[in-house]
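Here is a short report on one protein model. Please keep the sequence and the 3D view open while reading.

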Amino acid sequence: MKKIILIVLTLVILAAAGGTAYYYFKTEENKTKKLEAKIDNASRDYFEKYISANDSANIYVVTLKDLEKANQNGENYDLKGLEKCNKTKTLANVTIDYKTGKAKKTQVELKC
C-alpha cells in the first residue's frame, strides 16, 4: 500500500512540475512574441518614414537604437519591455517589395 501511495505521489509531483514548466515557457514565449511584434511594427513604420526604397539593397536593418532615436525626434514607438535589450544587436531586417517600395516582411532578432 505504501508503494502505491509513493508512486501516486511521485506522479502528482511530476505532473505539477511539468505543468509549471509548460506554463513558464509558454509565458516566456508569449513575452518574446510581444516584443518581436513591437520591433516588427516600429521597424516597418520607421522604414517607410526614414529609409529610401530607391537604394539597391534588398534588406534594410533597423536597430533598437534607430527606433529610440526616432522616439527622441518625435515618433511614438512602443518600446516598453525592450529596455534591457542590446541597442545595436536587437534589430529587424526589413525586406522590401520593389513594386510598391513598402516593407514586405521583417525578421526580428532580439538580444535581451
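Three strands make an open sheet, ordered 1-2-3, with antiparallel pairing. Strand 1 and strand 3 are the edges; each has a single partner strand, so one side of each has no neighbour in the sheet. From one strand to the next, the twist averages 30 degrees. The model is a predicted one.

Strand 1 covers residues 59-63, strand 2 covers 91-97 and strand 3 covers 102-109. Five bridges hold the antiparallel pairing of strand 1 and strand 2. Within strand 2, Asn93 sits opposite Val61. Strand 2 and strand 3 are antiparallel too, with seven bridges. Here Ala92 has Val108 of strand 3 as its bridge partner. Asp97 faces Lys102 in strand 3.

Four residues lie between the strands in the hairpin of strand 2 and strand 3. One of the residues in this hairpin, Gly101, adopts a positive phi near 80 degrees. Strand 2 is mostly covered, with six of its seven residues buried. In general, strands of a sheet pair through backbone hydrogen bonds, in a parallel or an antiparallel sense.

## Helix 1

How far apart are the end C-alpha atoms of helix 1? They are 71 Å apart. The helix has 49 residues, 2-50, and at 1.5 Å a residue it should span 72 Å, so the two values agree.

Helix 1 lies across strand 1, strand 2 and strand 3. Relative to strand 3, helix 1 runs at about 140 degrees. Which residues of helix 1 are buried? They are Leu35, Ile39, Asp40, Ala42, Ser43, Tyr46 and Phe47. The cover over the buried residues of helix 1 includes strand 1, strand 2 and strand 3, along with helix 2 (64-72).

## The nonpolar core

The largest nonpolar core has 19 residues. Ile39, Leu67, Tyr77 and Leu82 touch the most other members. At least two core residues come from each of helix 1, strand 1, helix 2, strand 2 and strand 3. Helix 1 gives the largest share, five residues.

Take Ile39 as a case. Leaving out residues up to four places away in sequence, Ile39 touches Leu64, Leu67, Leu82, Thr90, Leu91, Ala92, Val108 and Leu110. Among these contacts, Leu67 and Leu82 are also listed with Ile39 as the members that touch the most others in the core.

## The disulfide

How many disulfides are there? The count is one. Cys85 is joined to Cys112, with an S to S distance of 1.8 Å. The link is right-handed, with 75 degrees about the S-S bond.

The pair ties together distant parts of the chain, 27 residues apart. Cys85 is in the loop between helix 2 and strand 2, while Cys112 is in the segment after strand 3. Are the two cysteines buried or exposed? Cys85 has 5% relative accessibility, so Cys85 counts as buried; the cut-off is under 20%. Cys112 has a relative accessible area of 60%, so Cys112 is exposed; that cut-off is over 50%.

Notes
Residues are numbered from 1 along each chain as its sequence is written. This is a predicted model: local features need pLDDT of at least 70, side-chain atom pairs count only at pLDDT 80 or more; totals for chains, interfaces and linings use all residues. Side-chain values use heavy atoms; hydrogens and water are left out. The expected span of a helix is 1.5 Å times one less than its number of residues. Buried means under 20% relative accessible area, exposed over 50%, partly exposed in between (1.4 Å probe, protein chains only). Contact means heavy atoms within 4.5 Å. Two strands pair if DSSP finds at least two bridges between them. Axes are lines fitted to C-alpha atoms, for helices over the stretch in contact, and angles run from 0 to 180 degrees between N-to-C directions. A nonpolar core is a set of buried Ala, Val, Leu, Ile, Met, Phe, Trp, Tyr and Cys residues joined through side-chain atoms within 4.5 Å. A disulfide is a pair of cysteine sulfur atoms within 2.5 Å.
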